[in-house]
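Reader: I am new to this structure and would like to be walked through it. Could we take it one question at a time?

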Amino acid sequence: MAVGHGDSSSSDKKSTDALSDLQTFNAENLQSNMKVIYYSRTFLSIIGGVIAGILGFKGLIGFVFYFLVMAVTSAALTAKAKFSIHSYFDTWNRVLLDGFFGGLMSFVLFWTFAYDIVHIF
Amino acid sequence: MAEDLVLDTAIRDWVLIPLSIVMVLIGVLRYFVSKLMRSTQVPDGKIVKEGQVIVRARNLRAAANFIPPKSFRARRAYFSNEENGLLHVPKGQAQNPQAQMFSDPNMAMDMMKKNLSMIIPQTLTFAWVNFFFSGFVAAKIPFPLTQRFRSMLQNGIDLSTVDVSYVSSRSWYFLNLFGLRGLFSLILGEDNATDDAQRMMQMSGFGFDPTKNLGAEKDGLDIVQHEWALPKFEQRAEAVLRKLVS
């Protein structure tokens, strides 16, 4: 049974019991994977905010940039999970949408900060 | 208003950066203080026992289909038996732990301490910001907002022709308040008291945990339809091997 027996060096862990038809999930591993997603998104939204501010994005383009960063994050997470999402997470929505709005606030904060420091002052 | 106001560098040095630094430091301070204050809590034995019983019942429910029907029924009877089942709480006692939870001085004190440790730094910082940093334009937000936000974002500035994007320091404070949550979760690890939205959710689920949960678990167990999955495993193993060989 491949339930998180240290088989990967990354912090993603398999969370389904491979022998069963029923999708059972090891809750602890699932939560740990959720945390990985959350950290990645937060970190990238902060960095994305600083980049957007430095490059001087104004208005809608900044938000488009944020969506772009989030899409890249989702793609990277999917690639890291070797495209078999269901052995690491329970639904697609987790990988795509979780932590989206939490990151938005951090993005706006650092975007404003960097934009002001570079362009206004 | 299409031209960019040029703002004094001194504003940047003495308003934006110090405010952010202060908020980060206060968050870190609050985290450590809450950690120190929390260490004096002795978990109640009875409550821990109930929690573990609930965890066991939940595991049983989740993995019910892996054990033969008879064992499942035996385990289920152990939990939900009318006389001495672990999950069966007699009606008279059902209300007691809940009332005890709220009148228990320790719990009340803990909740109050947590609430206070959240509210006081926020209030103090807000008052400080209002006192020192009001009456001038502090920052420009890079995206345009409608006129309705003007009163909210520009409250120290009394010029009505200034673009809504130029905001006062109060709004910089609020922006920091929401935006630094993510930063705190990165630098402080998961267990931080600064994430107030999460804590609100925890707080609302806290008061009714022990008693209602037992009843809920019992009902959940009673509902489970047991279907033993193991007889099908031989066919499944055969299918897997066939795929490997062919």
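Reader: What share of the 246 residues of chain B counts as buried?

Author: Happy to start there, keeping in mind that this is a predicted model. A residue is called buried when its relative accessible area is under 20%. Of the 246 residues in chain B, the share that passes this test is 33%.

Reader: How many helices and strands does chain B have?

Author: Reading along the sequence gives α-α-α-α-α-α-β-α-β-α-α-α-α for chain B. Counting up its elements, chain B has 11 helices and 2 strands.

Reader: What percentage of the contacts in chain A with a separation of 6 or more comes from residues 24 or more positions apart?

Author: A contact here means heavy atoms within 4.5 Å. Taking the contacts in chain A with a separation of 6 or more, residues 24 or more positions apart account for 66%.

Reader: Which residues of chain A does UniProt list for "transmembrane region"?

Author: The listing comes from an unreviewed UniProt entry. In the model, one of its spans, 38-57 of chain A, is 90% helix and 0% strand, with end C-alpha atoms 25 Å apart. Another, 63-83 of chain A, is 86% helix and 0% strand, with end C-alpha atoms 27 Å apart.

Reader: At what angle do helix α1 and helix α2 of chain A pack?

Author: Two packed helices are described by an angle and a distance between their axes. Helix α1 of chain A covers residues 27-55 and helix α2 of chain A covers residues 60-80, and their axes lie 10 Å apart. The crossing of α1(A) and α2(A) is right-handed. The angle between these two helices is about 145°.

Reader: How many nonpolar residues does the contact of α1(A) with α2(A) have?

Author: On the α1(A) side, the residues that meet α2(A) include A:L44, A:G48 and A:I51. On the α2(A) side, A:F65, A:V69 and A:L77 are among them. By class, this contact of α1(A) with α2(A) has 5 polar and 1 charged residues, while the nonpolar ones number 9.

Definitions and conventions. Residues are numbered from 1 along each chain as its sequence is written. Chains are lettered from A and ligands numbered from 1 in the order in which they are written. This is a predicted model: local features need pLDDT of at least 70, side-chain atom pairs count only at pLDDT 80 or more; totals for chains, interfaces and linings use all residues. Side-chain values use heavy atoms; hydrogens and water are left out. UniProt positions are given in the numbering used here, feature names are shortened, and annotations may be inferred rather than shown by experiment. Helices (H or I, at least four residues) and strands (E, at least two) are DSSP runs, numbered from the N terminus. Axes are lines fitted to C-alpha atoms, for helices over the stretch in contact, and angles run from 0 to 180 degrees between N-to-C directions. A crossing is left-handed if the near helix is turned anticlockwise from the far one by less than a right angle, and right-handed if clockwise. Ala, Val, Leu, Ile, Met, Phe, Trp, Tyr, Cys and Pro count as nonpolar, Asp, Glu, Lys and Arg as charged, and the others, Gly among them, as polar. Buried means under 20% relative accessible area, exposed over 50%, partly exposed in between (1.4 Å probe, protein chains only).
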